[in-house]
Amino acid sequence: MNLDQLRRAIRDVQPNMIVNAAAYTSVDQAETDEQQARIINVDAPALMAEEAKRIGASLVHYSTDYVFDGSSSLPYAETDQPNPLNVYGKTKLAGEEAIRAIGTPHLIFRTAWVYGTTGRNFLLTILRLATEREELKVVHDQVGAPTWSQEIATSTERILRQLSQQGREAISKFGGTYHMTAAGKTSWFEFAKAITEEASRMPRGIPWFEAATNGQPLVTRRLRAITTEEFPTPARRPSYSVLSNFRIKQDFGWNCPPGPYNYMLCLLKAGSTADLSMAQFRRVRGHRPGIRRPGGTLTAEKALRYIAARDRQFQPLSHRRLATG
Ligand SMILES: NC(=O)c1ccc[n+]([C@@H]2O[C@H](COP(=O)([O-])OP(=O)(O)OC[C@H]3O[C@@H](n4cnc5c(N)ncnc54)[C@H](OP(=O)(O)O)[C@@H]3O)[C@@H](O)[C@H]2O)c1
C-alpha cells in the first residue's frame, strides 16, 4: 500500500480509531533501504496522524526498544533520551515524533523482542534452525525482554476498552507514549536455549509447531554463546534494551506478563491449550516440575495461574490516573 492508497482508505472508512502495527521491520535491510523505511515508519504514521486529526479519530501506534542506544544498565523509562543506533530505530523514533508533533490523540506503545507463532520472529527462526543444525551459535551480549505478540494485542485491546469507557476524550487525556514489554530480561542466547529445551518436550501434532519445524525432528545438540562481534550484522543493535513498564502499570493497572520465559505460555496456548485444566496441563507437560530459569522456576502451576489471573489484571482506569488528574 502506498501513501495515496493509505489516505484514500482512511477517508473511505472514516474510522474512530486507527491501530497501526504496520512497519518496515527488516532491521538490517533498512541500513541500505532508508528511503523505503522512512516512507513506512515515518511518512505513513504521520499521514495516519494527520488524517485521524482531520476526522477526529485517534491513533494507536507501535514503536520499539531500538529507539535507545543500549548504554544504560537500568530499564529505560519513557522519559529517557532516545538515541537510536540504526536506521530502523531512527525511522521509528522519527515516526513517533511526527505523531506527537501533529498532536492527534494517540497512544504509542513501545515494545521489544516480539515473538509469536506466526510471521517472522526469533522463536520461529530458532525452531527452524533446530531442525537443520546440530550446533547453534547465538549472541549472548544483547539483553532484552522477549514479549509475546498475543500479550501485546490483548493488552492493547484491554487498555482501549478501559479508555472507551471514559468517553471520547479519554485518549487525549490519557494518551502518550508507554512501554509495553514482558517483565524480566534475558539474552538471545538464553532465550534460544529455553526455546530449544522446551521444544524438545513439545508434543507433536500441534499445528503451529509442525509448521515451524516443517514436521522435521529437532537435531540441535549444542548451543554456543557468541559475542555480537563474532556475529556482525549491517545494523548495530543496542546491547541492553530492557524497557521499564512502570508507567503503563501506574496509569492503566497493566501488569506486565511474566517473562522472559513466558514463551512457555505461548507454546501452550498456541497449542490450543488455552482452556487446559491443571490435570490436562500436567499430562501435556509430563508432570515436569517446571523449567529452570535464572532467578527462579516457572512452574506449570504458575503459568496456569498467570493465564487465569490475566483477565483480572486490569484495574479500572478511574482508580489510576483519573485520581491524580
Ligand atoms: N518484531 C519485533 O521484535 C518488534 C520489536 C519492537 C517493536 N516492534 C514494532 O511492532 C510493530 C509490529 O511489528 P511486527 O514484528 O509485527 O512486524 P512485521 O511482522 O514485520 O509486520 C509488519 C506488517 O507491516 C505490514 N506492512 C509493511 N509495509 C506495508 C505497506 N507498505 N503497506 C501495507 N502493509 C505494510 C506488513 O505487511 P506484509 O506482511 O504484507 O508485508 C506486515 O504485516 C511495528 O511497529 C514494529 O516496529 C516490533
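Predicted model: local features only at pLDDT ≥ 70, side-chain atom pairs only at ≥ 80, totals over all residues.
## Around the ligand

In the model, the ligand is surrounded by 16 residues. The closest are Met1, Ala22, Ala23, Thr25 and Val114.

What is the make-up of this shell by class? The shell around the ligand holds 9 nonpolar residues, 4 polar ones and 3 charged ones.

## The sheet

Let us turn to the strands. Strands of a sheet pair through backbone hydrogen bonds, and the pairing can be parallel or antiparallel. In this model, 4 strands make an open sheet, ordered β1-β2-β3-β8, with parallel pairing. The edges are taken by β1 (17-20) and β8 (176-179), each of which pairs on one side only. From one strand to the next, the twist averages 20°.

Helix α3, for its part, lies across β2, β3 and β8 and runs at about 155° to β2.

## α2 with α3

Two packed helices are described by the angle between their axes and the distance between the axes. For helix α2 (residues 34-55) and helix α3 (residues 87-102), the axes come within 9 Å and cross at roughly 15°. Angles under 35 degrees count as roughly parallel, so α2 and α3 are roughly parallel to each other. Their crossing is right-handed.

On the α2 side, the contact is made by Glu34, Ala37, Arg38, Asn41, Val42, Pro45, Ala46, Ala49, Glu50 and Lys53. On the α3 side, the contact residues are Val87, Tyr88, Thr91, Lys92, Ala94, Gly95, Ala98, Ile99 and Ile102. Sorted by class, the residues of the α2 contact with α3 are 11 nonpolar, 3 polar and 5 charged.

## α1 with α2

Helix α2 has another partner to look at. The axes of helix α1 (residues 3-13) and α2 come within 10 Å, crossing at roughly 25°. That angle makes α1 roughly parallel to α2. Here α1 passes α2 in a right-handed crossing.

Which residues of α1 meet α2? They are Leu3, Leu6, Arg7 and Ile10, and they meet Ile39, Asp43, Ala44, Leu47, Met48 and Glu51 in α2. This contact of α1 with α2 divides into 7 nonpolar and 3 charged residues, with no polar ones.

## α4 with α7

Helix α4 (residues 122-130) and helix α7 (residues 188-199) have axes that come within 10 Å and cross at roughly 60°.

From α4, the contact draws on Phe122, Leu123, Ile126, Leu127 and Ala130. From α7 come Trp188, Phe191, Ala192, Ile195, Thr196 and Ala199. The residues of the contact of α4 with α7 comprise 10 nonpolar and 1 polar, with no charged residue.

Note on methods: Residues numbered from 1 in each chain as written. Axes fitted to C-alpha atoms, helices over the stretch in contact; angles between N-to-C directions. Helix = DSSP H or I, 4+ residues; strand = E, 2+ residues; numbered from the N terminus. Parallel < 35°, antiparallel > 145°, perpendicular 65-115°, else oblique. Left-handed = near helix turned anticlockwise from the far one by under 90°. Contact = placed C-beta atoms within 7 Å. Nonpolar A, V, L, I, M, F, W, Y, C, P; charged D, E, K, R; others polar. Near = placed C-beta within 6 Å. Pairing = 2+ DSSP bridges.
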